[in-house]
Amino acid sequence: MIDLFSDTMTKPSPAMRQAMASAEVGDETFGEDPTVNDLCEFAAGLLGKEAAIFVPSATMANQIAIKILTQPGDELICHENAHIRLYEGGAPAALSGVSLWTLPGERGILTPAQIRGAVRPDDPHYPRTRLVCLENTHNKAGGCVWKLEEIVAVEQAAREFGLAMHLDGSRLMNAATATGVPASRIASSFDTVTLCLSKGLGAPVGAILATSAEHIKTARRWKKVFGGMMRQAGIIAAGGLYALQNNIDRLSEDHENAAILAEGLSQIPGVRLDPYPETNIVYCDISATGLSDTEAAARLKSEGVRTSGGYGAGYSRLRFVTHLDISCEQTLTAVEVCRRAFA
Ligand SMILES: *Cc1c(COP(=O)(O)O)cnc(C)c1O
């Protein structure tokens, strides 16, 4: 199966498994797992932050960030298609008692004017606006990348009102790779940064939340409260450390394969790229082929290509995600399979 369903489908390589099998471990709850400590130090350095914690998922990293930057009754501002809004089970409400003020925006991008317009007046009728959450790359928009100046402009608007900034950088390394801007420079506009280790970076489990020395103590507390404190977690942290040390440079190959896929798909009658990919996520609209996304995905699967259909009624979009277990050759095969399936 050529599995383009998601970059979460990556499996640990033999070398990564070797690093995991031979990892030194201890009880991470007490700060005694040397491999977890190495990973956190390495990740904090990569992201230009004073400290980092290792957590089981990027969802938990995002929710710890929201927890430490808000109080119950506060409101956060995010894009209407943000992962924290759509795909984290309503966690901001459930765990932090926070409401969401959502904004539309092409390619997942928000403007400083939108931020200024969304901040509530200081009046007991309104929730207190406290936090802006951005996503880079933006998953649902199609792996779109924020330009550095767009981030800095939003940050400036947010800081005018004393708002905190969180980055859902689950795919931050894809954004850094695509723009050539170091991850630490992108991260410098934010109080807290999530980095997912189990997407295109290829680790089996885990994510990083990086922040200041001031916030890290509270972050550790909420990691415990949310059930994220582990024991000999060095086994999985070793996979994450291996990923950061070996799998960042090769992300450009995923972007090249996504471009090949996009180029091939765009030449198939009835297929429209939406948007044209900037990183490793390829969305296309297939409504003009006369197939529903469910039918199309089933046809592709029977021919050995796994993709994900659209999200709910009215969509005829398919999503393909390239990653480290997909070669250039498999990408070309996937294009051929699509050509036959959509004919
Ligand atoms: C996958 C993803 C997450 C959540 O990651 P998990 O590790 O699966 O919890 C958060 N944000 C974005 C943008 C994602 O793509």
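Which strands does helix H7 (residues 148-160) lie across? Helix H7 lies across strand E5 (128-135) and E6, and runs at about 145° to E6. Contact here means heavy atoms within 4.5 Å. Helices (H or I, at least four residues) and strands (E, at least two) are DSSP runs, numbered from the N terminus. Axes are lines fitted to C-alpha atoms, for helices over the stretch in contact, and angles run from 0 to 180 degrees between N-to-C directions.

The model is predicted: local features need pLDDT of at least 70, side-chain atom pairs count only at pLDDT 80 or more, and totals for chains, interfaces and linings use all residues. Residues are numbered from 1 along each chain as its sequence is written, and side-chain values use heavy atoms, with hydrogens and water left out.

**Domains**

The domain assignment of the protein gives domain 1 (11-246) and domain 2 (250-341); such bounds come from an automatic or database domain assignment. The C-alpha centres of domain 1 and domain 2 lie 28 Å apart. To the contact between them, domain 1 gives 20 residues and domain 2 gives 16 residues.

**The seven-stranded sheet**

Seven strands make up an open sheet with mixed pairing, in the order E2-E8-E7-E6-E5-E3-E4. Two strands pair if DSSP finds at least two bridges between them. The edges are strand E2 (51-55) and strand E4 (99-103), each of which pairs on one side only. On average, neighbouring strands of this sheet are turned by 20° against each other, direction ignored.

Inside the sheet, strand E6 (residues 164-168) pairs with strand E7 (residues 192-196) in the parallel sense, over three bridges. His-166 has Thr-192 in E7 as its bridge partner.

**The three-stranded sheet**

Another open sheet has three strands in the order E9-E10-E12, with antiparallel pairing. Its edge strands are strand E9 (272-273) and strand E12 (317-321), and each pairs on one side only. Strand E10 (residues 281-285) pairs with E12 in the antiparallel sense over five bridges, and the bridge partner of Asp-285 in E12 is Arg-317. Helix H12 (residues 251-266) packs on this sheet and touches E9, E10 and E12; the direction of H12 makes about 10° with that of E10.

**Helix pairs**

Two packed helices are described by the angle between their axes and the distance between the axes.

| Helix pair | Angle | Axis distance |
|---|---|---|
| H1 (residues 14-21) and H11 (residues 234-246) | roughly 135° | within 8 Å |
| H3 (residues 58-69) and H10 (residues 213-225) | roughly 120° | within 9 Å |
| H8 (residues 172-179) and H12 | about 75° | 9 Å |

Angles under 35 degrees count as roughly parallel, over 145 as roughly antiparallel, 65 to 115 as roughly perpendicular and the rest as oblique. H1 and H11 are therefore oblique to each other. H1 passes H11 in a right-handed crossing; a crossing is right-handed if the near helix is turned clockwise from the far one by less than a right angle, and left-handed if anticlockwise. In H1, Ala-15, Met-16, Ala-19 and Met-20 meet Ile-235, Ile-236, Ala-238, Gly-239, Tyr-242 and Ala-243 of H11. This contact has nine nonpolar, one polar and no charged residues. Ala, Val, Leu, Ile, Met, Phe, Trp, Tyr, Cys and Pro count as nonpolar, Asp, Glu, Lys and Arg as charged, and the others, Gly among them, as polar.

For the second pair, H3 and H10 cross at roughly 120°, which makes H3 oblique to H10. Their crossing is right-handed. Ile-64, Lys-67, Ile-68 and Leu-69 of H3 meet His-215, Thr-218, Ala-219, Trp-222 and Lys-223 of H10. By class, five nonpolar, two polar and two charged residues take part in the contact of H3 with H10.

H8 and H12 pack at about 75° and are therefore roughly perpendicular to each other. Met-173, Asn-174, Thr-177 and Ala-178 of H8 make the contact with Leu-251, Ser-252 and His-255 of H12. The contact of H8 with H12 has three nonpolar, four polar and no charged residues.

**Backbone details**

Asn-136 and Thr-137 are joined by a cis peptide bond with omega of about 0°; Thr-137 is in the loop between E5 and H7. A cis peptide bond also joins Asp-274 and Pro-275, with omega of about -5°, and Pro-275 is in the loop between E9 and E10. Arg-107 has a positive phi of about 60° although it is not a glycine; Arg-107 is in the loop between E4 and helix H6 (112-118).
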